[in-house]
Amino acid sequence: MREPSMNNIQKDEILKKCFTYFVEHGLESISMRKMCDETGMAVSSAYYWFGNKDGAILSATEYGLNRVAGILFDYVYQYIDNLECIMITFSEFIMKYKAQLRFIYQVVTSQKYGDKIRPIANRLTEIYDRYTEIIADHFGCRKQELQPYVYLFISAVLDYVIWHDKDKMEVELACVYKAVTDLINKDKGDDDIDGGNTEG
C-alpha cells in the first residue's frame with residue numbers, strides 16, 4: 001500500500017522531530033525504530049519518506065542547518081543597526097544552539113556522511129549569500145565586499161561552539177566589526193562624493 005505524501009507543514013514537523021532526536025542521541029546510538037518511537041512516525045512511513053537511516057540523518061541535518069542559519073541571521077538582522085551589540089551578545093546567544101551545531105559538525109566531519117553532506121552545505125552557502133545580499137542592501141555596500149566578513153563571522157562562531165575558545169572568537173569578531181564598520185563608512189563616503197559630483 002502506497003504511503004501518503006507529506007505536505008510542507010507535515011514534512012517540517014517530522015524533520016524537526018527527527019533532528020531533535022538526532023541532536024539528543026548523537027550519531028552513535030540512533031536507529032530508525034527508536035527515531036520512530038520518539039517522533040510518532042510509523043516505521044513504514046519513515047522508510048518510505050527517507051529510504052533508510054542515512055537518508056533520515058541527511059534530510060534532518062539539512063533541515064537543522066537551514067533552521068539554525070535562519071535563526072542566527074534573524075538575530076543579526078534584528079540588531080543590524082547596532083553591530084557592536086551583536087558582537088558583544090552573540091556568543092551568549094549562539095550557545096543556545098550549541099547542541100544542534102555540534103551534531104551538524106559531527107555529521108559534516110564524519111567519514112560516512114562528509115561527502116554526502118557536501119551538496120547540502122553548498123546549498124547552505126547560497127542561503128548565506130542571500131542573507132549577505134540583504135545585509136549589504138541595508139547598509140548600501142557591495143555584496144562582494146561584505147561576503148568575506150560574513151563567512152569569517154560564521155567561522156568564528158562555529159569554532160567557538162565546537163572548541164569553546166571565547167578569547168579567539170572575540171578577537172576574530174572584533175576584526176569583523178572593525179572591517180565591516182570601515183566598509184560601511186567607506187561606502188557612505190563614496191556615496192557622498194558621488195552625490196557631490198552629481199550636484200556640482
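Rings of Phe, Tyr and Trp (its six-membered ring) are taken as paired if their centres lie within 6.5 Å, with planes under 30 degrees apart called stacked, over 60 edge-to-face and the rest tilted. By this criterion Y75, Y79, F90, F93, Y97 and F153 form one aromatic cluster. The model is predicted, so local features need pLDDT of at least 70 and side-chain atom pairs pLDDT 80 or more, whereas totals for chains, interfaces and linings use all residues. Numbering runs from 1 along each chain as its sequence is written, and side-chain values use heavy atoms, without hydrogens and water.

Twelve aromatic pairs are present in the structure. The rings of F73 and Y128 are tilted, because their centres are 5.8 Å apart and their planes stand at 50°. This pair links distant parts of the chain, F73 in helix α4 and Y128 in helix α7, 55 residues apart (helices are DSSP runs of H or I, at least four residues, numbered from the N terminus). F73 also forms a stacked pair with Y131, at 4.4 Å centre to centre and 5° between the planes.

The largest pocket is lined by 35 residues, of which Y128, Y151, I154, S155 and L158 lie nearest its centre. A pocket here is an open set of points on a 1 Å grid over the protein atoms alone, where a 1.4 Å probe fits, with protein on both sides within 12 Å along at least five of seven lines; lining residues have an atom within 4 Å of a point. Helix α8 supplies the largest share of this lining, ten residues.

Terms used
Helix = DSSP H or I, 4+ residues; strand = E, 2+ residues; numbered from the N terminus.
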